[in-house]
Amino acid sequence: MDRILTLTLLMALVTALPRLLPMWFLPGRRLPSALSAWLRFIPVAVIAAILGTQLFVKEGDLFLSRSNLYLWAAFPTFAVGVWKRNLALTVVTGIGSLALIRHLI
Amino acid sequence: MDATHRDPSRNPLRARMSASAGALAAVPIVLGYFPYAFAFGILARQVGLTLEQTLFMSLIVYAGSSQILALGMLQAGQAIASIVAATFLFNLRFFLMSASLAPHIPEWSFWKRTLLGSQVADESFALLSSAFAREKPMARYAFAVYGTTYLAWSLFSVLGFLASGFVPDVRAWGLDYALPAVFVGLLICLIQDRIGMVVALFSAVAAVAVHLGGFQQSSLMVPAMLGALLGASLESWTGSSPSPS
(Lines give C-alpha, C1' and ligand atoms only; values in the text may rest on other atoms or scores of the structure.)
Protein backbone atom coordinates (compact mmCIF):
# COMPACT_ATOMS: atom_id res chain seq x y z
CA MET A 1 0.00 0.00 0.00
CA ASP A 2 1.05 3.57 -0.67
CA ARG A 3 3.25 4.94 2.13
CA ILE A 4 1.36 8.19 2.68
CA LEU A 5 -1.99 6.38 2.70
CA THR A 6 -0.72 3.91 5.29
CA LEU A 7 0.64 6.76 7.40
CA THR A 8 -2.61 8.75 7.16
CA LEU A 9 -4.80 5.77 8.11
CA LEU A 10 -2.59 4.90 11.09
CA MET A 11 -2.50 8.54 12.21
CA ALA A 12 -6.30 8.68 11.96
CA LEU A 13 -6.58 5.52 14.03
CA VAL A 14 -4.27 6.60 16.85
CA THR A 15 -5.87 10.05 16.91
CA ALA A 16 -9.45 8.73 16.94
CA LEU A 17 -8.87 6.23 19.78
CA PRO A 18 -8.10 8.78 22.53
CA ARG A 19 -10.98 10.92 21.24
CA LEU A 20 -13.54 8.11 21.18
CA LEU A 21 -12.68 5.73 24.03
CA PRO A 22 -13.72 8.13 26.82
CA MET A 23 -16.96 8.89 24.97
CA TRP A 24 -17.74 5.17 24.81
CA PHE A 25 -16.45 3.79 28.09
CA LEU A 26 -15.97 6.62 30.55
CA PRO A 27 -19.36 8.19 31.17
CA GLY A 28 -18.89 9.75 34.58
CA ARG A 29 -16.06 7.46 35.69
CA ARG A 30 -12.79 8.81 37.11
CA LEU A 31 -9.22 8.02 36.01
CA PRO A 32 -6.61 6.95 38.58
CA SER A 33 -5.28 10.27 39.86
CA ALA A 34 -1.63 9.55 39.03
CA LEU A 35 -2.52 8.73 35.41
CA SER A 36 -4.72 11.77 35.02
CA ALA A 37 -2.01 14.02 36.53
CA TRP A 38 0.55 12.60 34.08
CA LEU A 39 -1.81 13.00 31.10
CA ARG A 40 -2.59 16.55 32.14
CA PHE A 41 1.05 17.57 31.72
CA ILE A 42 1.50 15.79 28.37
CA PRO A 43 0.42 18.74 26.18
CA VAL A 44 2.76 21.24 27.89
CA ALA A 45 5.64 18.75 27.83
CA VAL A 46 5.16 17.70 24.19
CA ILE A 47 4.76 21.23 22.89
CA ALA A 48 7.76 22.51 24.88
CA ALA A 49 9.88 19.61 23.60
CA ILE A 50 9.00 20.37 19.97
CA LEU A 51 9.46 24.10 20.42
CA GLY A 52 12.85 23.55 22.09
CA THR A 53 14.22 21.62 19.13
CA GLN A 54 12.61 23.99 16.62
CA LEU A 55 14.19 27.06 18.18
CA PHE A 56 17.57 25.73 19.30
CA VAL A 57 18.55 22.89 16.97
CA LYS A 58 19.51 23.11 13.31
CA GLU A 59 20.72 20.13 11.31
CA GLY A 60 21.55 18.16 14.44
CA ASP A 61 23.59 20.93 16.10
CA LEU A 62 22.92 23.46 18.80
CA PHE A 63 22.04 26.69 16.99
CA LEU A 64 22.88 29.60 19.28
CA SER A 65 23.86 32.39 16.95
CA ARG A 66 22.81 35.82 15.79
CA SER A 67 21.69 34.25 12.53
CA ASN A 68 19.10 32.07 14.31
CA LEU A 69 16.09 34.01 13.05
CA TYR A 70 13.58 31.58 14.56
CA LEU A 71 14.96 32.45 17.98
CA TRP A 72 14.77 36.21 17.33
CA ALA A 73 11.20 35.93 16.07
CA ALA A 74 10.29 34.00 19.23
CA PHE A 75 10.72 37.13 21.38
CA PRO A 76 7.88 39.23 19.89
CA THR A 77 5.81 36.06 19.51
CA PHE A 78 6.14 35.17 23.20
CA ALA A 79 5.57 38.81 24.20
CA VAL A 80 2.32 39.11 22.24
CA GLY A 81 1.25 35.62 23.37
CA VAL A 82 1.69 36.42 27.06
CA TRP A 83 0.19 39.86 26.64
CA LYS A 84 -2.87 39.00 24.53
CA ARG A 85 -3.32 35.26 25.19
CA ASN A 86 -4.81 34.94 21.73
CA LEU A 87 -3.67 32.11 19.48
CA ALA A 88 -4.54 33.76 16.16
CA LEU A 89 -2.79 37.01 17.08
CA THR A 90 0.26 35.11 18.35
CA VAL A 91 0.54 33.17 15.09
CA VAL A 92 0.20 36.32 12.98
CA THR A 93 2.86 38.06 15.13
CA GLY A 94 5.26 35.14 14.69
CA ILE A 95 4.82 34.93 10.93
CA GLY A 96 4.96 38.73 10.55
CA SER A 97 8.07 39.05 12.74
CA LEU A 98 9.99 36.43 10.82
CA ALA A 99 8.97 37.93 7.46
CA LEU A 100 9.98 41.38 8.69
CA ILE A 101 13.33 40.20 10.06
CA ARG A 102 14.10 38.44 6.75
CA HIS A 103 13.26 41.55 4.76
CA LEU A 104 15.41 43.78 6.98
CA ILE A 105 18.46 41.53 6.72
CA MET B 1 -9.04 32.24 22.98
CA ASP B 2 -11.39 34.91 21.75
CA ALA B 3 -13.41 37.80 23.09
CA THR B 4 -16.65 35.81 23.14
CA HIS B 5 -15.01 33.13 25.15
CA ARG B 6 -13.25 35.36 27.65
CA ASP B 7 -16.26 37.40 28.62
CA PRO B 8 -19.16 35.16 29.59
CA SER B 9 -21.57 38.04 30.10
CA ARG B 10 -21.39 38.90 26.40
CA ASN B 11 -21.51 35.33 25.30
CA PRO B 12 -24.15 34.72 22.64
CA LEU B 13 -24.53 31.12 23.87
CA ARG B 14 -26.10 32.45 26.94
CA ALA B 15 -29.16 33.46 25.02
CA ARG B 16 -29.59 30.37 22.87
CA MET B 17 -27.61 27.28 21.98
CA SER B 18 -28.93 27.24 18.43
CA ALA B 19 -27.07 26.00 15.37
CA SER B 20 -26.48 29.55 14.12
CA ALA B 21 -25.10 30.58 17.53
CA GLY B 22 -22.69 27.64 17.29
CA ALA B 23 -21.49 28.63 13.83
CA LEU B 24 -21.05 32.24 14.98
CA ALA B 25 -19.10 31.22 18.09
CA ALA B 26 -16.76 29.19 15.85
CA VAL B 27 -15.75 32.19 13.71
CA PRO B 28 -12.71 33.23 15.82
CA ILE B 29 -11.50 29.62 15.70
CA VAL B 30 -11.89 29.64 11.92
CA LEU B 31 -9.77 32.82 11.71
CA GLY B 32 -7.14 31.20 13.91
CA TYR B 33 -7.13 28.12 11.72
CA PHE B 34 -6.46 30.04 8.53
CA PRO B 35 -2.68 30.63 8.69
CA TYR B 36 -2.30 27.28 10.33
CA ALA B 37 -4.21 25.08 7.84
CA PHE B 38 -2.84 27.21 5.00
CA ALA B 39 0.70 26.49 6.18
CA PHE B 40 -0.17 22.81 6.42
CA GLY B 41 -1.35 22.80 2.79
CA ILE B 42 1.78 24.58 1.60
CA LEU B 43 4.09 22.28 3.55
CA ALA B 44 2.19 19.19 2.36
CA ARG B 45 2.95 20.12 -1.23
CA GLN B 46 6.61 20.84 -0.40
CA VAL B 47 6.96 17.47 1.28
CA GLY B 48 5.49 15.87 -1.85
CA LEU B 49 1.92 14.98 -0.93
CA THR B 50 -0.76 15.18 -3.61
CA LEU B 51 -3.87 17.35 -3.25
CA GLU B 52 -5.96 14.24 -2.53
CA GLN B 53 -3.54 13.04 0.16
CA THR B 54 -3.51 16.49 1.77
CA LEU B 55 -7.31 16.75 1.86
CA PHE B 56 -7.68 13.15 3.03
CA MET B 57 -5.29 13.71 5.94
CA SER B 58 -7.17 16.85 7.02
CA LEU B 59 -10.52 15.06 6.72
CA ILE B 60 -9.71 11.88 8.62
CA VAL B 61 -6.93 12.90 11.03
CA TYR B 62 -8.14 16.45 11.75
CA ALA B 63 -5.50 17.31 14.32
CA GLY B 64 -3.57 20.32 13.06
CA SER B 65 -0.34 20.35 15.04
CA SER B 66 0.20 16.63 14.64
CA GLN B 67 -0.44 16.85 10.88
CA ILE B 68 2.26 19.51 10.52
CA LEU B 69 4.49 17.53 12.87
CA ALA B 70 4.03 14.47 10.65
CA LEU B 71 5.07 16.47 7.58
CA GLY B 72 8.17 17.68 9.37
CA MET B 73 9.06 14.14 10.38
CA LEU B 74 8.41 12.86 6.83
CA GLN B 75 10.71 15.56 5.50
CA ALA B 76 13.34 14.54 8.06
CA GLY B 77 13.11 10.99 6.73
CA GLN B 78 11.71 9.43 9.90
CA ALA B 79 10.11 6.00 9.92
CA ILE B 80 6.31 5.64 9.62
CA ALA B 81 6.23 3.89 13.01
CA SER B 82 7.99 6.87 14.66
CA ILE B 83 5.58 9.33 13.08
CA VAL B 84 2.55 7.29 14.19
CA ALA B 85 3.97 6.95 17.71
CA ALA B 86 4.64 10.70 17.89
CA THR B 87 1.10 11.38 16.62
CA PHE B 88 -0.37 9.11 19.28
CA LEU B 89 1.61 10.72 22.08
CA PHE B 90 0.91 14.18 20.77
CA ASN B 91 -2.83 13.54 20.54
CA LEU B 92 -3.17 11.70 23.86
CA ARG B 93 -4.35 15.02 25.26
CA PHE B 94 -7.64 14.46 23.38
CA PHE B 95 -8.30 11.63 25.83
CA LEU B 96 -8.55 14.09 28.71
CA MET B 97 -10.66 16.53 26.72
CA SER B 98 -13.03 13.81 25.62
CA ALA B 99 -13.15 12.42 29.18
CA SER B 100 -14.10 15.83 30.53
CA LEU B 101 -16.86 16.39 27.95
CA ALA B 102 -18.36 12.90 28.35
CA PRO B 103 -20.04 13.41 31.76
CA HIS B 104 -22.08 16.29 30.32
CA ILE B 105 -23.89 14.09 27.82
CA PRO B 106 -25.00 10.84 29.48
CA GLU B 107 -28.34 10.89 27.68
CA TRP B 108 -26.89 11.32 24.17
CA SER B 109 -27.09 8.35 21.82
CA PHE B 110 -24.03 6.24 20.98
CA TRP B 111 -23.67 7.83 17.54
CA LYS B 112 -24.00 11.38 18.83
CA ARG B 113 -21.35 10.68 21.46
CA THR B 114 -19.14 9.13 18.78
CA LEU B 115 -19.55 12.21 16.58
CA LEU B 116 -18.83 14.56 19.50
CA GLY B 117 -15.69 12.60 20.39
CA SER B 118 -14.44 12.21 16.85
CA GLN B 119 -13.80 15.91 16.40
CA VAL B 120 -12.41 16.91 19.77
CA ALA B 121 -9.73 19.55 19.14
CA ASP B 122 -8.03 22.10 21.39
CA GLU B 123 -10.03 25.13 20.32
CA SER B 124 -13.48 23.58 19.89
CA PHE B 125 -13.00 21.74 23.18
CA ALA B 126 -12.37 25.04 24.97
CA LEU B 127 -15.48 26.54 23.41
CA LEU B 128 -17.75 23.54 24.04
CA SER B 129 -16.64 22.90 27.61
CA SER B 130 -17.39 26.49 28.54
CA ALA B 131 -20.76 26.26 26.80
CA PHE B 132 -21.63 22.92 28.42
CA ALA B 133 -20.73 24.27 31.85
CA ARG B 134 -23.32 27.03 31.46
CA GLU B 135 -26.18 25.48 29.58
CA LYS B 136 -27.75 22.12 28.88
CA PRO B 137 -25.64 20.68 26.05
CA MET B 138 -27.42 20.98 22.73
CA ALA B 139 -26.32 18.68 19.92
CA ARG B 140 -27.17 21.17 17.18
CA TYR B 141 -24.97 23.84 18.80
CA ALA B 142 -22.04 21.45 19.28
CA PHE B 143 -22.26 20.08 15.75
CA ALA B 144 -22.53 23.58 14.27
CA VAL B 145 -19.27 24.50 16.05
CA TYR B 146 -17.70 21.29 14.76
CA GLY B 147 -19.03 21.53 11.23
CA THR B 148 -17.77 25.09 10.85
CA THR B 149 -14.28 24.40 12.19
CA TYR B 150 -13.96 21.06 10.39
CA LEU B 151 -14.94 22.48 7.02
CA ALA B 152 -12.66 25.49 7.55
CA TRP B 153 -9.71 23.25 8.39
CA SER B 154 -10.16 21.10 5.28
CA LEU B 155 -10.93 24.02 2.98
CA PHE B 156 -7.91 26.05 4.15
CA SER B 157 -5.66 22.99 3.81
CA VAL B 158 -6.70 22.72 0.15
CA LEU B 159 -6.31 26.49 -0.39
CA GLY B 160 -2.81 26.37 1.09
CA PHE B 161 -1.90 23.47 -1.17
CA LEU B 162 -3.22 25.28 -4.25
CA ALA B 163 -1.60 28.58 -3.26
CA SER B 164 1.81 27.04 -2.84
CA GLY B 165 2.08 27.00 -6.63
CA PHE B 166 1.80 30.77 -6.58
CA VAL B 167 3.86 31.36 -3.48
CA PRO B 168 7.22 29.99 -4.61
CA ASP B 169 9.10 31.06 -1.48
CA VAL B 170 7.11 30.46 1.67
CA ARG B 171 10.05 31.70 3.68
CA ALA B 172 9.70 35.26 2.38
CA TRP B 173 6.18 35.32 3.84
CA GLY B 174 7.35 33.94 7.15
CA LEU B 175 4.75 31.19 6.83
CA ASP B 176 7.29 28.54 7.78
CA TYR B 177 7.02 30.07 11.25
CA ALA B 178 3.30 29.25 11.61
CA LEU B 179 3.98 26.06 13.51
CA PRO B 180 6.53 27.40 16.03
CA ALA B 181 4.21 30.37 16.58
CA VAL B 182 1.19 28.10 17.11
CA PHE B 183 3.21 26.14 19.65
CA VAL B 184 4.27 29.33 21.43
CA GLY B 185 0.63 30.41 21.63
CA LEU B 186 -0.62 27.00 22.79
CA LEU B 187 2.19 26.66 25.30
CA ILE B 188 1.36 30.01 26.87
CA CYS B 189 -2.33 29.05 27.11
CA LEU B 190 -1.45 25.65 28.60
CA ILE B 191 1.01 26.83 31.26
CA GLN B 192 -1.22 27.63 34.19
CA ASP B 193 1.19 27.67 37.13
CA ARG B 194 4.84 27.37 38.16
CA ILE B 195 4.81 23.59 37.82
CA GLY B 196 3.67 23.96 34.22
CA MET B 197 6.55 26.35 33.60
CA VAL B 198 9.05 23.90 35.15
CA VAL B 199 7.64 21.08 33.00
CA ALA B 200 7.96 23.22 29.86
CA LEU B 201 11.55 24.26 30.59
CA PHE B 202 12.59 20.74 31.55
CA SER B 203 10.99 19.18 28.47
CA ALA B 204 12.48 21.76 26.11
CA VAL B 205 16.00 21.39 27.54
CA ALA B 206 15.70 17.59 27.65
CA ALA B 207 14.47 17.51 24.05
CA VAL B 208 17.41 19.61 22.85
CA ALA B 209 19.83 17.44 24.87
CA VAL B 210 18.39 14.16 23.56
CA HIS B 211 18.40 15.54 20.02
CA LEU B 212 22.03 16.69 20.25
CA GLY B 213 22.89 13.33 21.79
CA GLY B 214 22.00 11.78 18.45
CA PHE B 215 18.61 10.34 19.38
CA GLN B 216 16.53 12.48 17.02
CA GLN B 217 13.76 9.89 16.74
CA SER B 218 13.05 9.90 20.46
CA SER B 219 13.78 13.57 21.07
CA LEU B 220 10.07 14.26 21.34
CA MET B 221 8.55 11.31 23.16
CA VAL B 222 11.09 10.53 25.87
CA PRO B 223 11.54 14.13 27.10
CA ALA B 224 7.77 14.70 26.98
CA MET B 225 6.99 11.57 28.98
CA LEU B 226 9.68 12.46 31.54
CA GLY B 227 8.53 16.08 31.65
CA ALA B 228 4.93 15.06 32.34
CA LEU B 229 6.16 12.62 34.98
CA LEU B 230 8.12 15.46 36.61
CA GLY B 231 4.98 17.61 36.58
CA ALA B 232 2.81 14.91 38.12
CA SER B 233 5.47 14.21 40.79
CA LEU B 234 5.94 17.89 41.66
CA GLU B 235 2.20 18.25 41.90
CA SER B 236 1.83 15.37 44.34
CA TRP B 237 4.88 16.51 46.40
CA THR B 238 3.75 20.10 46.70
CA GLY B 239 0.16 18.97 47.19
CA SER B 240 -1.10 21.68 44.86
CA SER B 241 -4.57 20.97 43.64
CA PRO B 242 -4.82 21.46 39.89
CA SER B 243 -7.84 23.03 38.33
CA PRO B 244 -9.74 20.47 36.28
CA SER B 245 -9.01 21.03 32.62
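User: A polar contact is a pair of N or O atoms within 3.5 Å; within protein, one must be able to donate a hydrogen and the other to accept it. In this predicted model, how many residue pairs are in polar contact between chain A and chain B?

Analyst: The model is predicted, and side-chain atom pairs count only at pLDDT 80 or more. With both residues at that level, the count between chain A and chain B is twelve residue pairs.

User: Which element of chain A supplies the largest share of the side that touches chain B?

Analyst: Helices α1 (3-25), α2 (33-56), α3 (69-84) and α4 (87-104) of chain A each supply at least two residues, as does strand β2 (61-62). The largest share is 21 residues, and it comes from α2(A).

User: How many residues on that side of chain A are nonpolar?

Analyst: In total, 67 residues of chain A are in contact with 90 residues of chain B. On the chain A side, 14 are polar and eight are charged. The nonpolar ones number 45.

User: What area do chain A and chain B bury between them?

Analyst: Interface size is often given as the accessible area lost when the parts come together. Carbon and sulfur atoms carry 77% of the area here. The total is about 7,100 Å².

User: Which residue forms a salt bridge with B:Lys136?

Analyst: Between chain A and chain B the salt-bridge count is zero, and the whole structure holds one. B:Lys136 sits in the loop between α9 (122-134) and α10 (139-163) of chain B; its partner, 29 residues apart, lies in the loop between α7 (93-101) and α8 (110-118). The closest N and O atoms are 3.3 Å apart, and the partner is B:Glu107.

Note on methods. Residues are numbered from 1 along each chain as its sequence is written. Chains are lettered from A and ligands numbered from 1 in the order in which they are written. This is a predicted model: local features need pLDDT of at least 70, side-chain atom pairs count only at pLDDT 80 or more; totals for chains, interfaces and linings use all residues. Side-chain values use heavy atoms; hydrogens and water are left out. Contact means heavy atoms within 4.5 Å. Buried area is the accessible area (1.4 Å probe) that two parts lose on being put together, summed over both. A salt bridge is a side-chain nitrogen of Lys or Arg within 4 Å of a carboxyl oxygen of Asp or Glu. A polar contact is a pair of N or O atoms within 3.5 Å; within protein, one must be able to donate a hydrogen and the other to accept it, and residues adjacent in sequence count only if both atoms are side-chain atoms. Helices (H or I, at least four residues) and strands (E, at least two) are DSSP runs, numbered from the N terminus. Ala, Val, Leu, Ile, Met, Phe, Trp, Tyr, Cys and Pro count as nonpolar, Asp, Glu, Lys and Arg as charged, and the others, Gly among them, as polar.
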